[in-house]
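Subject: Handing over the model

Hi there,

Here is the structure I promised to pass on to you. Have a look at it first, and then read my notes below.

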Amino acid sequence: MFDLNKLVNDYLVPFGLKILMAVVIWIIGGIVINLVARLVRAAMTRRAIDPTLVRYSESSLRIALRIALVITILSVCGIETTSFAALLAAAGIAIGAAWSGLLSNFASGIFLIVLRPFKTGDMISAGGVTGVVDEIGLFVTTMTTADNLRVYVGNTKVFSDNITVYDANAFRRVDLSAQLAHTVDVQDAVTRLKARIAQIPNVMSAPAVDVAILEFNPAGPVLAVRPYCHNRDYWQVYFDTNRAIAEVGGTAHWPVPAPRQILMPPPADVGGGNASANAPIIGTGNAAPAGSRPNAPAP
């Protein structure tokens, strides 16, 4: 005969108590884990430990405590933890084989924390992304790009690629150029540009602004214009320098750079009356000089 009281007293009540105890342990354990993580974070912050290491340590501690909490709950529920540990180890091997890339990201994250090629707040270029580092996580590095996009890059890709840290040095160089016409006085242009660019906000006085002849092309000399500034001011100095070059050229009334053309008669016709009419044009432009009519038909 079915005994309902025995079913309730022997099975349902103990099982319900275990479930209730597991819920209570999970809630209290979560509160304790959050408290411990906050205390550890506060202690590390007071000791002026690098924020990247603080976040990494806090994340690792939370994960470890959560695993311990789950094992405790399983023990309370009467599940043999030794068997569970063996099952977890076997599952870990299977997951490790399937998620080798994820474990590689985890290992690379540890190396990034230990070697510290960069830290939170640095502007870097790594893994094909350029931006400010927000966090170095267990598996990914979080960056914010210049156009305000949040990008997550796998730690393996960051660690295995070349890493450029823009904030590592006190200043960086802005590389620009200014095309001049052939008729412009180069030394006067250099003097004007140096004086004007030195007045741009956030341009450093030491090293001084570099303005020198970079190359020559058919349109005229090309000046290399190179001010120095802190990385955070790079784009402001970049655009202000371009504007300064345009202002100096307009104030000095520099002509528009264009390839020059020279009309030369053939050597055999030197001194001839009609040599200029059939003379070839040597140059790179498309238009003949003012007043000339090459290959013009006879009236």
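**What I found**

At 41% relative accessibility, Asn202 counts as partly exposed (buried means under 20% relative accessible area, exposed over 50%, and partly exposed in between, with a 1.4 Å probe and protein chains only). Before going on, please note that this is a predicted model, in which local features need pLDDT of at least 70 and side-chain atom pairs count only at pLDDT 80 or more, while totals for chains, interfaces and linings use all residues. Residues are numbered from 1 along each chain as its sequence is written, and side-chain values use heavy atoms, with hydrogens and water left out.

**Backbone points in the loops**

Asn202 also has a positive phi of about 75°, although it is not a glycine. You will find Asn202 in the loop between helix 6 and strand 8 (helices are DSSP runs of H or I with at least four residues, strands are runs of E with at least two, and both are numbered from the N terminus). Pro207 is found in that loop between helix 6 and strand 8 too, and the peptide bond from Ala206 to Pro207 is cis, with omega near 0°.

Another positive phi belongs to Arg116, a residue other than glycine, with a value near 55°. Arg116 has its place in the loop between helix 4 (100-115) and strand 1 (123-126). With a relative accessible area of 46%, Arg116 is partly exposed.

In what order do the five strands of the open sheet stand? The order is 4-3-2-1-5, and the pairing is antiparallel (two strands pair if DSSP finds at least two bridges between them). Strand 4 (150-154) and strand 5 (164-165) stand at the edges with a single partner strand each, so one side of each has no neighbour in the sheet.

Strand 2 (residues 129-136) pairs with strand 3 in the antiparallel sense over five bridges, and Glu135 stands opposite Thr142 in strand 3. These two strands, 2 and 3, form a hairpin with three residues between them. On to the next pair: strand 3 (residues 140-145) is joined to strand 4 by five bridges, and the two run antiparallel. Here Met143 stands opposite Val151 in strand 4. Strand 3 and strand 4 also form a hairpin, with four residues between them, and Asn148 in the turn has a positive phi of about 65°.

Why is strand 3 largely enclosed by the rest of the structure? Five of its six residues are buried.

While you are in this region, look at Asn105, which has its place in helix 4. Asn105 is buried, with a relative accessible area of 16%. Leaving aside residues up to four places away in sequence, Asn105 touches Leu138, Phe139, Gly154, Asn155 and Thr156 (contact means heavy atoms within 4.5 Å).

How do the helices meet? Helix 6 (residues 186-197) and helix 7 (residues 234-251) pack at an angle of about 135°, with their axes 10 Å apart. Helix 6 and helix 7 are therefore oblique to each other (angles under 35 degrees count as roughly parallel, over 145 as roughly antiparallel, 65 to 115 as roughly perpendicular and the rest as oblique). Arg192, Leu193, Arg196 and Ile197 in helix 6 meet Thr241, Ala244, Ile245, Glu247 and Val248 in helix 7.

Happy browsing!

Conventions: Axes are lines fitted to C-alpha atoms, for helices over the stretch in contact, and angles run from 0 to 180 degrees between N-to-C directions.
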